Number of protein chains: 2
Amino acid sequence: MTPLAEDEALQRIRSVLGSRIGVSGLEDDAAVVSLPVSGSVVASIDSLVEGVHVDLSLSSPGDAGWKALMGALSDLAAMGAEPVGALVALCVPEVEGDGSLALAAMAGMAEAAGESGCAVLGGDVSASSELVITVTVLGVVPTGEPPPVSRGGARPGDVLLVTGPCGASAAGLRMLRSMAPTGGGAGAADQVAANVGAHRRPVARLAEGTLARRHGATAMIDVSDGLALDLHRLADASGVGFVLDAVPVAAGATIDEALGGGEDYELVVAVGDSAAERLCDGFAAAGLRAPLRLGRVVDDPARRVLDGEPLPRTGWQHVVG
Amino acid sequence: MTPLAEDEALQRIRSVLGSRIGVSGLEDDAAVVSLPVSGSVVASIDSLVEGVHVDLSLSSPGDAGWKALMGALSDLAAMGAEPVGALVALCVPEVEGDGSLALAAMAGMAEAAGESGCAVLGGDVSASSELVITVTVLGVVPTGEPPPVSRGGARPGDVLLVTGPCGASAAGLRMLRSMAPTGGGAGAADQVAANVGAHRRPVARLAEGTLARRHGATAMIDVSDGLALDLHRLADASGVGFVLDAVPVAAGATIDEALGGGEDYELVVAVGDSAAERLCDGFAAAGLRAPLRLGRVVDDPARRVLDGEPLPRTGWQHVVG
């Protein structure tokens, strides 16, 4: 096995991605992006770092590639944008090998691209001491529709909804860590499989985000770092507080995992009282899971409570030096 | 000094970038990108990895930030696109500290953003074991103008030009490596400073790329990995060969550094015989340095020669495993 030079690595990655390549086919210095409709372009960048966002003893390189794309797409979902394409920068350890780590990661990403309908338009490959996958996603909000939804538009009186229960990913990670290397363990195998799947192969709520935007969402954020922390961020940006009366906990998860686990990629949606019912009807008509009620937005930014108690800013933040 | 949490790091980065922030101000999950004119969107992604693309004992973190943006912008230049904005994913070592590495890198990037007129629209900060700066740049080619220029359009008979002499960056790196830690050394101090500057603070040829596109360039590539390798890549994509009659070597550099050094970010331009003169007149009218003649494109893809000898595929490729 000989090390794989950059040009050859790119050639093999092209074949892994196959028909999911866009116009310029990773051949040129830059990709020419075709917007399917005219509108506002929305863009986001996100890195997945080995040992920080993914443990390669518990998830496969393909899972890492899947998660890198879905995590970036979740940011588009939180704006209510429809995905147009992705650019991928892959940094892989410079070791003797046949490039299998890079190719396995890209194969997982290709699956996520198929699942989400988001083409991979271009990329870059570098050597590094650990796996780092950085994905930029481009999306569009069509002209004539309600604009992209920020974190900062929630108004006192708005209802707070979430597109699904939280904590499944954190529960899956806990189960993976407690399992013997041979896997298994007694009990509710289906539940374990569901939680592990939620951790390894999360799904961005793209249809939900677009529909919420069309139905009058005033603010949105995706639950990437923990429901509690992300609620605080939405409230910070909007200059409001909140009173929560429920926390939807995923099957198999604890309430701490629901509040602080992160990587659920459910969307928190603020929406006016009168629009909330129409939004829920819209979800039902589209065959999407009914949004769950979290509570209500209040005027006082200092008031952020669950069951009458202040909600701690729990969640997962990188410490950078 | 306490470690800096992600939200606080982003807050400080916002203040470093100051007025160079776009519409969404790094506040939201994704940036809303305003195109200054309607046209084709062009996008590219590029990573700069500590120890691979930059040696932090020879360049500052600010140099790394500058180079990360300019390297990505060079890919837009090679398509003839005008920059619209950049997204930055910063991965920085998780050590005790006040975030100074991250902030210094972003300060250098802010200088490059000012120099190139490219706003930073959004970003992401992660922990990692080494500095990795990944930049996505978005550009536009206005409707009604000649389209983006690929690598693959060179035709037999085209003239091959380059926007400047090559090897200055590699020469600067050689000089940095041979200097005592206190710096200095006898002799041509101005030359050393120029070469070191070319290595630490390269400049993307954005005006040159746009002008070459408007004046009929059939193919372009930027010299990122070495003039010889990048010429071969252009010829591969175009299915042609080339006969070179000159290699413009930068002052202070060797011909090996010009052919194989890389990071010059000059543009190689293929253009039809009749258009070449108008292109050079256009550069002169715009006050840009006159393009230098490399040679000519030929029909036979197997014929790629300099002074009658086959041109080796020298240059710099990452080896990935």
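## Strand E4 of chain B and its partners

In this predicted model, B:Glu82 has B:Val140 of E6(B) as its bridge partner. The two strands concerned are E4 (residues 82-93) and E6 (residues 132-142) of chain B, which run antiparallel and are joined by nine bridges. A further pair between these strands places B:Leu90 opposite B:Ile133.

E4(B) is also joined to E5(B), again by nine bridges, but here the strands run parallel. E4(B) is largely enclosed by the rest of the structure, because 11 of its 12 residues are buried.

## A sheet with strands from chains A and B

These strands belong to an open, five-stranded sheet with the order E2(A)-E3(B)-E6(B)-E4(B)-E5(B) and mixed pairing. The edges are strand E2 (31-33) of chain A and strand E5 (119-128) of chain B, each of which pairs on one side only. On average, neighbouring strands of the sheet are turned by 20° against each other, direction ignored. In general, the strands of a sheet pair through backbone hydrogen bonds, in either a parallel or an antiparallel manner.

Two helices of chain B lie across parts of this sheet. Helix H3 (residues 100-116) of chain B lies across E4, E5 and E6 of chain B and runs at about 170° to E4(B). Helix H6 (residues 206-214) of chain B lies across E4 and E6 of chain B, with an angle of about 140° to E4(B).

## Strand E7 of chain A

Strand E7 (residues 159-162) of chain A directs A:Val159 and A:Leu161 one way and A:Leu160 and A:Val162 the other way; all of these residues are buried.

E7(A) is joined by four bridges to strand E10 (residues 267-271) of chain A, in an antiparallel arrangement. In this pairing A:Val162 stands opposite A:Val268. Four bridges also join E7(A) to strand E11 (residues 292-298) of chain A, and these strands likewise run antiparallel. Here A:Leu161 has A:Arg293 of E11(A) as its bridge partner.

Helix H7 (residues 227-238) of chain B consists of 12 residues and reaches 16 Å from its first C-alpha to its last, close to the 16 Å expected at 1.5 Å a residue. H7(B) is mostly covered, with 10 of its 12 residues buried. Among the buried residues are B:Leu227, B:Leu231 and B:Leu234, together with B:Asp230, B:His232 and B:Arg233. Just after H7(B), B:Gly239 adopts a positive phi of about 65°.

B:Ala171 lies in helix H4 (residues 168-178) of chain B. B:Ala171 counts as buried because its relative accessible area is 0%, which falls under the 20% limit. Apart from neighbours within four places in sequence, B:Ala171 is in contact with B:Asn195, B:Gly252, B:Ala253 and B:Glu257. The C-alpha atom of B:Ala171 is separated by 22 Å from that of B:Leu161, 10 residues apart along the chain.

## A buried aspartate in chain A

A:Asp75 is located in helix H2 (residues 61-77) of chain A. A:Asp75 is buried yet has no salt bridge: the nearest side chain of opposite charge is that of A:Arg151, 5.9 Å away.

Most residues other than glycine have a negative phi. A:Tyr265 has a positive phi of about 60° although it is not a glycine. A:Tyr265 lies in the loop between helix H8 (255-260) and E10 of chain A, and it counts as buried because its relative accessibility is 8%.

In chain B, B:Glu263 likewise has a positive phi, near 60°, and is a residue other than glycine. B:Glu263 is found in the loop between helix H8 (255-260) and strand E10 (267-271) of chain B. With a relative accessible area of 17%, B:Glu263 is buried, since the limit for that class is under 20%.

Technical notes
Residues are numbered from 1 along each chain as its sequence is written. Chains are lettered from A and ligands numbered from 1 in the order in which they are written. This is a predicted model: local features need pLDDT of at least 70, side-chain atom pairs count only at pLDDT 80 or more; totals for chains, interfaces and linings use all residues. Side-chain values use heavy atoms; hydrogens and water are left out. Buried means under 20% relative accessible area, exposed over 50%, partly exposed in between (1.4 Å probe, protein chains only). Two strands pair if DSSP finds at least two bridges between them. Lys and Arg count as positive and Asp and Glu as negative; His and the chain ends are not counted. A salt bridge is a side-chain nitrogen of Lys or Arg within 4 Å of a carboxyl oxygen of Asp or Glu. Axes are lines fitted to C-alpha atoms, for helices over the stretch in contact, and angles run from 0 to 180 degrees between N-to-C directions. Contact means heavy atoms within 4.5 Å. The expected span of a helix is 1.5 Å times one less than its number of residues.
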